[in-house]
Amino acid sequence: MPTETFEFQVEARQLLQLMIHSVYSNKDVFLRELVSNASDALDKLRLAALRDDSLDADTSDPHIEIDINQEARTLTVRDNGIGMSYEEVGELIGTIANSGTAAFLKDLKEAQDSEGAGAEGLIGQFGVGFYSGFMVADEMTLVTRRAGEDKGTRWSSRGEGTYTLESVEDAPQGTSVTLHLKPADPDNQLHDYTSTWKIKEIVKRYSDFITWPIRFFPKAGEGEETPEAETLNSMKALWARSRDEVSDDEYHELYKHVSHDWRDPLETIRLQAEGTFEYQALLFLPEHAPHDLFTRDFRRGLQLYVKRVLIMDDCEALLPPYLRFVKGVVDAQDLSLNVSREILQQDRHIRMIQRRLTKKILSSVKEMKTNDADKYATFWREFGAVLKEGLLGDGDNRDAILAVASFASTHAEDEPTTLQEYLERMKDGQDDIYYMTGESRQSIVNSPHMEAFAARGVEVLILTDPVDEVWVDAVGEFEGKRLRSVAKGEIDLAAEDGEEADEEREKRTESYAGLLAWMKEQLEEDVKDVRLSTRLTVSPACVVSDAHDLTPALEQMYRAMGQEVPVTKRILELNPSHPLVESLNQAYQEEREDRTGLAETAELLHGLAVLAEGGQPKEPTRFVKLVTERLERTLG
């Protein structure tokens, strides 16, 4: 097949320009990325050979080689892993997923805006590590052959918008990447990467824990025998070493390797189980939530090893979905090497590991909450919303999740509260834990539903995550106190406080009975009932859901997921102390013949109540027309 020339995607060209013009201060990371890619290729070959006995591949001596040529100023990273086919090279090297690139460029700009802190680590986060070679090279050449295939592929580019592809006959199994290095420029942090000590330093710092041997071939002097290859990394798994043998920096580099994150982890969690079933785990809580955490395509799962052999790169069965942000490795001693995802889902040992890891993570978060408030605040800000998903499906750990959960509250604007702290502050005679869900703190605090609670100083939890709409119903209560929405059902704080006599309430209800029945009839298409409110002190009206009905936000959420739910009519509540409602009642009693104008007023009052909670009138055009006519008559 002749050599073919292709153009990079627009996004890939943008990325290449960033690399070529060296926006990163630490250019050493290019070697970390190439070694990490080589390690992944060896992992994939081991997995493929385990699952396919007929695969024609050499797995006798898996390793990574680094070779330098000082005269030609080249550096080559070579592996004998899975390799790539002609088509795969075009897909994986010639293009970049648009979403990943867009997110990469966005995060890069933010990193630069914040004085460039950690910008170089963004390379690995979006799987574009191969391109980092252009930070130090004028030209890159890749030669690869996929295990089990006869022909290889050569890819080459100078990073100027195009690349070439051609088939080759004599390529060994695996992949080699050769960099034609730029001249050293110490002033711009461009080191001499043909220097033996520099290569050793980078490998030791970033890749010492890599499972496969990284071999380096020193150059022999004239008349000398060719020296033996030197293995640069210890290959000792960090999780198999005692805590005092491993530095925090080594843990952090392992985290970056398995997560492709550029930041250090927020917390490192070690776990070792001994006895009838032995395993070791090294887990990491990230400092920031990944941009795709709530998307269907988010890749979750821990790396699963069996006796130091990687058998699965993303084993989802090891953690429940609500802990999908946790990264790390689990090394089990007694599992079979040849296991499928389906078998793992049913394996009792795996289920046992999942239960133990889940409890360990939650207990670590609890310790963090007790001992390091700032670190806990960071964790909850980034992952609180996803952790609360566990309240829906993990009954065994529900209490543990509630123990580490914190919520915004009307008690203090800047300090979240726990449910236990809420209980300690409850007023005498208060039987329920009150909450309200909404899009933002401001919209909730300014809601008419909150007026009576604000007036009486009753604390209300402010819940603004989408999952909050669901878990409060699933949990139901805490320490014997019911979780109760201030926007659902009937709430009478005055009666709870004993402020209002029954006789006074009955008298007021009787005086409004005619208006309420008439308005219910007028608005029957939109509301299921009209009643007097005990939760309003300032606004004339509000709409509430019945105690066991879905909220409008929850209805909308179900419909967005493709589930059909019937439209639920709401309840309109009137504030009997508001001048507008008092005047409406008086007019209703006086105008017994023609109540057309009153009907429009009732319609407007309902529309205003819907608007006040962030909704929209059923017929916005008619609503605007009625408001306009009323304004004209007022000004006329």
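Good morning. I begin with Ser364, which counts as buried because its relative accessibility is 10%, and the cut-off for buried is under 20%. Please keep in mind that we are looking at a predicted model.

Where does Ser364 lie? The residue belongs to helix H9. A polar atom of the Ser364 side chain is placed 2.8 Å from the backbone oxygen of Lys360.

Let us turn to the nonpolar residues. In soluble globular proteins, nonpolar side chains tend to be buried together. In this model, the largest nonpolar core has 74 residues. Those that touch the most other members are Leu304, Phe325, Leu357, Phe379, Leu387 and Trp471. Which helix gives this core its largest share? That is helix H9, residues 348-371, with 7 residues.

Consider Leu387 in more detail. Setting aside neighbours within four places in sequence, Leu387 is in contact with Tyr322, Leu323, Phe325, Leu362, Phe379, Trp380, Ile401 and Val404. Another core lies apart from the largest one; it has 58 residues, including Tyr86, Tyr131, Tyr206 and Leu254.

Finally, I come to a sheet. Here 5 strands, in the order S15-S17-S16-S19-S18, form an open sheet with mixed pairing. Its edge strands, each pairing on one side only, are S15 (408-409) and S18 (477-478). Strands S15 and S17, the latter covering residues 461-463, run antiparallel and are joined by 2 bridges. Within this pair, Ser409 stands opposite Leu461. Helix H16, residues 468-475, packs on the sheet and touches S16, S17, S18 and S19. The direction of H16 makes about 160° with that of S16.

Thank you for your attention.

Notes:
Residues numbered from 1 in each chain as written. Predicted model: local features only at pLDDT ≥ 70, side-chain atom pairs only at ≥ 80, totals over all residues. Heavy atoms only, no water. Pairing = 2+ DSSP bridges. Helix = DSSP H or I, 4+ residues; strand = E, 2+ residues; numbered from the N terminus. Contact = heavy atoms within 4.5 Å. Axes fitted to C-alpha atoms, helices over the stretch in contact; angles between N-to-C directions. Core = buried A, V, L, I, M, F, W, Y, C linked by side-chain atoms within 4.5 Å. Buried < 20%, exposed > 50% of the residue type's maximum accessible area, 1.4 Å probe, protein only. Polar contact = N/O pair within 3.5 Å; in protein donor to acceptor, adjacent residues only side chain to side chain.
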